[in-house]
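This report describes selected features of one protein model.

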Amino acid sequence: MTYSDMHIHALFGVDDGAGSEEAMYAIIDAAYSDGTRHIIFTPHYHPGYYGKNEEQRDKAFGIARSYCEKKYPDLSLALGNELHYMRGSVDRIHEGSCRTMNGTGFVLVDFTYNEALGNIASGLERLLNGGYRPILAHAERYSAFYGKKNELHSLKSKGVLLQMDASSAFGAFGIRAKQQSNKLLCAGLFDFVSSDAHNITDRPPVMSSCYEYIAKKYSPDYAAALCRDNAQKLFFEIE
């Protein structure tokens, strides 16, 4: 089994992920060893917190691509951003400072974990109205949606997609996020599972354990769709 990881913070020197070139290589090596064969690097886009990191993002991506071309020729790489939603987000995407997912119309977006439900919904709708398909990063971790699956169904009916962090299913972000992960998996609401890896210690790029968990609890086909097929079809089979 191989995996498609479309949310990972492996590029060095751009956010709270890899802090050095060597750390970036270590994350890539670990992901490959775990079975990942498609990666979209998604450094945080949050100028107020990480500053203007576009130049370093592009430089690090070029270095990562050169490394993988030599060591892992069967590893497909692409570039995006994890947009922290803010005023003017649509303009930032239009101007190209915040990247969409592999140049598509899909945008990975996150919010503060305790953000009000109305603010999350209105932000996602602004992205939709701006001509983009938002992918809500780690949807299981927002307290606003706890006990409110109907609101997520409503967002999905408008075109929003939902991504789950692989480690959430095992309690890495607390019991509430773990419970929410299982509720949303059971309801069939997630579209993608990704590692959201930041390092190789406490937040490693492990997709295999979540695939095995979903395959055993639900079905292998469901696990393959979430951990590989959906991302591969959307982001890696573009002519």
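## Loop residues with positive phi

The loop between β7 (133-136) and α6 contains H138. The model is predicted, and in it the phi of H138 is near 35°, a positive value in a residue other than glycine. H138 counts as buried because its relative accessibility is 1%, and the cut-off for burial is under 20%.

D196 lies in the loop between β9 (192-194) and α8. Although D196 is not a glycine, its phi is positive, at about 50°. Is D196 buried or exposed at 2% relative accessibility? With that value, D196 counts as buried.

## Packing of α1 and α3

Two packed helices are described by the angle between their axes and the distance between the axes. For helix α1 (residues 21-34) and helix α3 (residues 54-71), the axes come within 11 Å and cross at roughly 50°. That angle makes α1 oblique to α3, a class that excludes angles under 35 degrees and those from 65 to 115. The crossing in which α1 passes α3 is right-handed.

Which residues of α1 and α3 meet? From α1 come E21, M24, Y25, I28 and D29, and from α3 come A60, I63, A64, Y67, C68 and K71. Divided by type, the residues of the contact of α1 with α3 comprise eight nonpolar, no polar and three charged.

## Nonpolar cores

The largest nonpolar core has 43 residues. Those with the most contacts inside it are L83, F111, L136, L162, F190, V193 and I214. At least two residues of this core are supplied by each of the helices α4 (89-95), α5 (117-129), α6 (149-158), α7 (175-186), α8 (208-217) and α9 (220-236), and likewise by each of the strands β6 (106-110) and β8 (161-165). Which element gives the most to this core? It is α9, with five residues.

L136 illustrates the surroundings of one of these core residues. Leaving aside neighbours within four places in sequence, L136 is in contact with V109, F111, Y142, F145, V160, L161, L162 and Q163. Two of these partners, F111 and L162, are also listed among the residues with the most contacts inside the core.

A second, separate core has 24 residues, including F12, C68, L75 and A197. C68 also belongs to the α3 side of the contact with α1.

Terms used: Residues numbered from 1 in each chain as written. Predicted model: local features only at pLDDT ≥ 70, side-chain atom pairs only at ≥ 80, totals over all residues. Heavy atoms only, no water. Axes fitted to C-alpha atoms, helices over the stretch in contact; angles between N-to-C directions. Helix = DSSP H or I, 4+ residues; strand = E, 2+ residues; numbered from the N terminus. Parallel < 35°, antiparallel > 145°, perpendicular 65-115°, else oblique. Left-handed = near helix turned anticlockwise from the far one by under 90°. Contact = heavy atoms within 4.5 Å. Nonpolar A, V, L, I, M, F, W, Y, C, P; charged D, E, K, R; others polar. Core = buried A, V, L, I, M, F, W, Y, C linked by side-chain atoms within 4.5 Å. Buried < 20%, exposed > 50% of the residue type's maximum accessible area, 1.4 Å probe, protein only.
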